[in-house]
Amino acid sequence: MGSLQKLDWSKRPGTLRSGYFGELLNAVLTPKIIKKVDVVPVDNTNQNDFWLRELPKYNFHYAIRQTRDVYPNKPFVKGFTAAHCNANILIQDSEKEAVRWLGKDYPYLVHGEVTEKKILEMLKYAKKSFGSEVWIRGLETMRKIREKTSEEAIGKQLVKLLEREVKMESF
């Protein structure tokens with residue numbers, strides 16, 4: 001996440017700005033949802049960092065995924081990105097890895113079957129709760145994720161792993 005630190009974070013929005021960063025075929029996007037969520041396409045087949053420069057413009061990351069058998073257990077990369085951007089995230093509770101990191105009580109989880117109506121209600125709730133205690137509680141969860149996935153934390157984990165490996169070899 002080192003390149004995120006080089007971005008200009010000085011002009012963060014003072015109101016809710018929702019953005020989806022990813023490949024279009026992976027997201028649940030309808031015309032009504034697109035009116036509320038900016039779409040920043042990411043083409044994973046080409047090395048391109050355009051979307052990174054867009055991150056500071058958004059404080060709410062949209063991550064409602066299509067159900068695809070190709071990737072039944074996707075890692076929570078969108079969540080880690082949102083956490084390092086000091087942003088909340090909207091995602092469904094059927095994403096096990098997301099719930100593992102966020103907790104079942106995270107305020108911006110879509111529960112149960114994902115429908116356009118539920119998504120629009122959650123986007124409305126996010127707008128209404130922006131800056132409130134609920135919003136701040138969500139950001140606190142994201143801060144904890146950011147700390148656990150920081151370069152320093154990952155480095156410490158790697159050192160522990162290597163130390164354990166060295167101890168095992170000495171037996």
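**Charges on the model**

Modeller: Helix H6 (residues 116-129) gives the most to the positive patch, three residues. Helices here are DSSP runs of H or I, at least four residues, and strands are E runs of at least two, numbered from the N terminus. This is a predicted model: local features need pLDDT of at least 70, side-chain atom pairs pLDDT 80 or more, while totals for chains, interfaces and linings use all residues. Residues are numbered from 1 along each chain as its sequence is written, and side-chain values use heavy atoms, without hydrogens and water.

Biologist: Which residues form the positive surface patch?

Modeller: Lys 32, Lys 35, Lys 36, Lys 124, Lys 127 and Lys 128. Patch residues have over 30% relative accessible area and no salt bridge, with like charges joined within 9 Å.

Biologist: Is Lys 127 buried or exposed?

Modeller: Exposed, at 62% relative accessibility. Buried means under 20%, exposed over 50%, partly exposed in between (1.4 Å probe, protein chains only).

Biologist: New topic. How many salt bridges are in the whole structure?

Modeller: Seven. The test is a Lys or Arg side-chain nitrogen within 4 Å of an Asp or Glu carboxyl oxygen.

Biologist: What does Arg 17 pair with?

Modeller: Asp 38, with the closest N and O atoms 2.8 Å apart. The two sit 21 residues apart, Arg 17 in the loop between helix H1 (2-5) and strand S1 (18-22), Asp 38 in strand S2 (residues 38-41).

Biologist: And what about Lys 117 and Glu 121?

Modeller: Their side chains meet in a salt bridge, 3.9 Å from N to O. They are four residues apart in helix H6, so about one helical turn separates them.

Technical notes. Patch = residues over 30% accessible without salt bridge, like charges linked within 9 Å, V, L, I, M, F, W, Y side chains within 5 Å. Areas by Shrake-Rupley, 256 points an atom, 1.4 Å probe, with all protein chains shown as cover. Lys, Arg positive; Asp, Glu negative; His and termini not counted. Charge placed at Lys NZ, Arg CZ, Asp CG, Glu CD.
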